[in-house]
Amino acid sequence: MTETNPAAAAAEHPDAQDSAAPGREIPGAPSSVPPPVAEPVEPGAPVPPKPDQRGPQTYSPTGQKTGIAQKEVAQGGDRLTTAQGTRLYDTDHSLKAGPRGPSLLQDHHLREKITHFDHERIPERAVHARGAAAHGVFQGYGTARGICKAAFLGEGVRTPVFVRFSTVLGSRGSADTVRDTRGFATKFYTDQGVFDLVGNNIPVFFIQDAVKFPDIVHAAKPHPDREIPQAQSAHDTFWDFVSLHTEATHHTLWNMSDRGIPRSFRMMEGFGIHTFRLVNAEGASTLVKFHWKPRLGVHSQVWEEAQLTAGMDPDFHRRDLADAIEAGALPQWELGVQTFPDTEDQTFAGIDLLDPTKIVPEELAPVKPIGLMTLDKNPSNYFAETEQVAFHPGNLVPGIDVTNDPLLQGRLFSYLDTQISRLGGPNFPQLPINRTHTPVNDMLRDGMHQTAVHRGVAPYRPNSLDGGCPFTAGADAGAYIEFPEPLAATAKVRDAAATFDDHFSQARLFWLSMTPTEREHIIAAYTFELAKCREPAIRERVVGTLANIDGELCGQVAAGLGLPAARPAAALDDPDPSPALSQLGRRWPVDGRTIGIVIAEGQDLSGVRTVRQAILEAGMVPLVIAARAGTRDADGDPVAVQRTFATARSIEFDAILVAGAPAPASDAYGARDAKADDELARAGVDSRVLLLLTEAYRHGKALGAWADGADALEAVGIATDSPGVVAGDQAAPVLERVKELLGGHRVWDRFTPSV
Ligand code: HDE
């Protein structure tokens, strides 16, 4: 993977002036300078602009730079006004007939304010409602030039991007860390128009044909009677559908694997899923599958941790993304393609390339890198950008074309259609976040929320009145020309190719490619989800399906459910495993990882200062955890406390360092803090610290201790020579070893798998 200097990359970004010194002079942003205690009543000079009320990038709806000053399209001025710009003298009281009288219908300010508020919400997305996004830049390597003429893939070409990550099932306010597929949608504002790569973090899909999409979504969404459960697949209708509809088996297995509970958006792969077609300058076609490879590797939470996180910090993933960008730990992904000859049968190594329930193992077709994406700027307004962004797999640029994958074909209809109700009409491409950065001359006119004042009298072709303008372009002038794919003489049918009938072989390939630890997690996930189903017949049916993947998987899940194991419908093959599918066993950068440091009151803090500095220098985040908030100022070099024993929970930390064995604090008793275990308190160490360490241990996280820290580990029964536990006399070497452990993400050898 190519290394870049993230700070330099950010500075060169086309929007760099907007991202300078994020948040420093913004009222309400975290700052070392406290705000005044009382509300100012007169504008001070200068009044800082409110960045979240700034106007959009001042492109016209036709994509041209307008030269309009920000204040003309944004909120400005230091006085409160109506929407018509008239100054107001009071916004705290409605107009009444006397101080105790009824409100008057003539109160235009009241009605305008409330009416606007009444219409603030728009329909959430039918799927992928919960999302978080960021701006960034994509830089082409030029390596795709032989197979693709798209200009943005050229060597060194930099293209602004906007990426939205999402869960699929939950509503807009649901938790981030539920077990689900994640959306990974990227909008490239290229010089040849917008290209959208609307993918997921799982490379296969539940269905092979778009006509089934409402079925899988209705089955997976909450039950229609009580609208529960929210944002999860652990319920009858989901399992009812996927057990009857066995083409969903492969995707379901990925969901039950650790891929369903990512540690961070920054640590997810992305996949275009469908096979696309790239076309080069000579007009030759190559079939490809798109892959995003995260620089930080692919990592997950453990299930208990994900569940705790959903309660402790439902915004865990969106916070992680925003914090990392703000801190300069810029997330990066390499875009790569697997390439396949565009043969008549459109198969590769016997795998049907039009079947979206199939992958092509990377060992058979390596992923070739073609560019690097860096996310370097958080959105400044969630609604205007993250909510209003509208992706569409049909947004293509010359050089990138679609195939006849029947799932993709249906998507080409759906996305445009859905935006019309979600964004209130056909003019959503004019919204700032959706505007292309190229000139637009589309002859589309009028409609709801038209923001352009179009000139000219002849929005039709051919015309003579507007001088014949606009003119069509040829391929040499950058026109998008569909690849002239030859189609065999055929008949209309509602059917699929026979190759689409294989629903299990790749699920088996995935299972066989997992390490024992990952298999344990899969077994646990199936057992958990099915135990949540009420209908015994559904559990039995799923166990029957699992027999077609693997006997051990089936047997273990069946045992957990108290059911007999099933037999496969046909003898199982033994394909060569694909090691690239496993998340474990490699080493990765530790950028942006969070390390908690537990301190005791009155202890020597020199070691803490040393490790805190070293953690920062390694691009990670140190968070000091103590009994009380505030700072500890032993030698005139204060150490700030970021978390207290009452607020800290293991889910926030990738590793924990224990610098001391803090005695029970004054609030460490059950009546005050239910986490405090009065029994454990007898160990002489604050029981919340013991809970923190036990949980971190259970979740496979590295633990380090020096000075009296080892006493805290011992108090909770964690031996200092257990795997992933480092104890020593000096803080610095302990941190070094913990850093190495973090490079492998988790300490899985702490637990012995039984499969
Ligand atoms: Fe989507 N999908 N989808 N989908 N999808 C939507 O579009 C749809 C599919 C994906 O962050 C909707 O704007 C159909 C596959 C992402 O805004 C909707 C089918 C993949 C996002 C829609 C699929 C995806 C969506 C809802 C079956 C991975 C969120 C709101 C043919 C390759 C994008 C919207 C964002 C969103 C339809 C299948 C990815 C309803 C009909 C396969 C990442 O149009």
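## Loops, strands and helices of a predicted model

With a relative accessibility of 56%, Glu227 counts as exposed (exposed means over 50% relative accessible area, buried under 20% and partly exposed in between, with a 1.4 Å probe and protein chains only). This is a predicted model, in which local features need pLDDT of at least 70 and side-chain atom pairs count only at pLDDT 80 or more, while totals for chains, interfaces and linings use all residues. Residues are numbered from 1 along each chain as its sequence is written, and side-chain values use heavy atoms, with hydrogens and water left out.

Glu227 belongs to the loop between H5 and H6, where helices (H or I, at least four residues) and strands (E, at least two) are DSSP runs numbered from the N terminus. Its phi is near 50°, which is a positive value in a residue other than glycine. The loop between helix H5 (213-220) and helix H6 (236-244) also holds Pro229, and the peptide bond that leads from Ile228 to Pro229 is cis, with omega near -5°.

Another loop, between H11 and H12, contains His449, which has a positive phi of about 60° although it is not a glycine. At 54% relative accessibility, His449 counts as exposed. Pro462 lies in the loop between H11 and helix H12 (505-513), and the peptide bond from Arg461 to Pro462 is cis, with omega near -5°.

Helix H11 (residues 406-422) is where Tyr415 is found. The OH atom of Tyr415, 1.9 Å away, is the single donor that the protein gives to the iron atom of the ligand (donors are N, O and S atoms within 2.8 Å of the metal, or 3.2 Å for Na, K and Ca; water is not among the atoms, so sites may look incomplete).

Strand pairs come next, where two strands pair if DSSP finds at least two bridges between them.

| Strand pair | Sense | Bridges |
|---|---|---|
| E6 (residues 276-279) and E7 (residues 285-294) | antiparallel | four bridges |
| E6 and E12 (residues 400-401) | antiparallel | two bridges |
| E18 (residues 655-658) and E19 (residues 702-706) | parallel | four bridges |

Leu278 stands opposite Thr286 in E7, whereas the bridge partner of Arg277 in E12 is Asp401. Five residues separate the strands in the hairpin of E6 and E7, and in this hairpin Gly283 takes a positive phi near 90°.

E18 and E19 belong to an open sheet of six strands with parallel pairing, whose order is E17-E14-E13-E18-E19-E20. Its edges are strand E17 (643-644) and strand E20 (725-728), each of which pairs on one side only. Within this sheet, Leu657 has Gly704 in E19 as its bridge partner.

Two helices lie across strands of this sheet; their angles run from 0 to 180 degrees between N-to-C directions, with axes fitted to C-alpha atoms, for helices over the stretch in contact. Helix H16 (residues 606-617) lies across strand E13 (594-598), strand E14 (621-626), E18 and E19, and runs at about 150° to E14. Helix H19 (residues 731-743), in turn, lies across E13, E18, E19 and E20, running at about 175° to E19.

Helix H7 (residues 249-256) packs with helix H13 (residues 516-531) at an angle of about 105°, and their axes are 8 Å apart. In this contact (heavy atoms within 4.5 Å), H7 contributes Thr249, Thr252, Leu253 and Met256, while H13 contributes His521, Ile522, Ala525, Tyr526 and Glu529.
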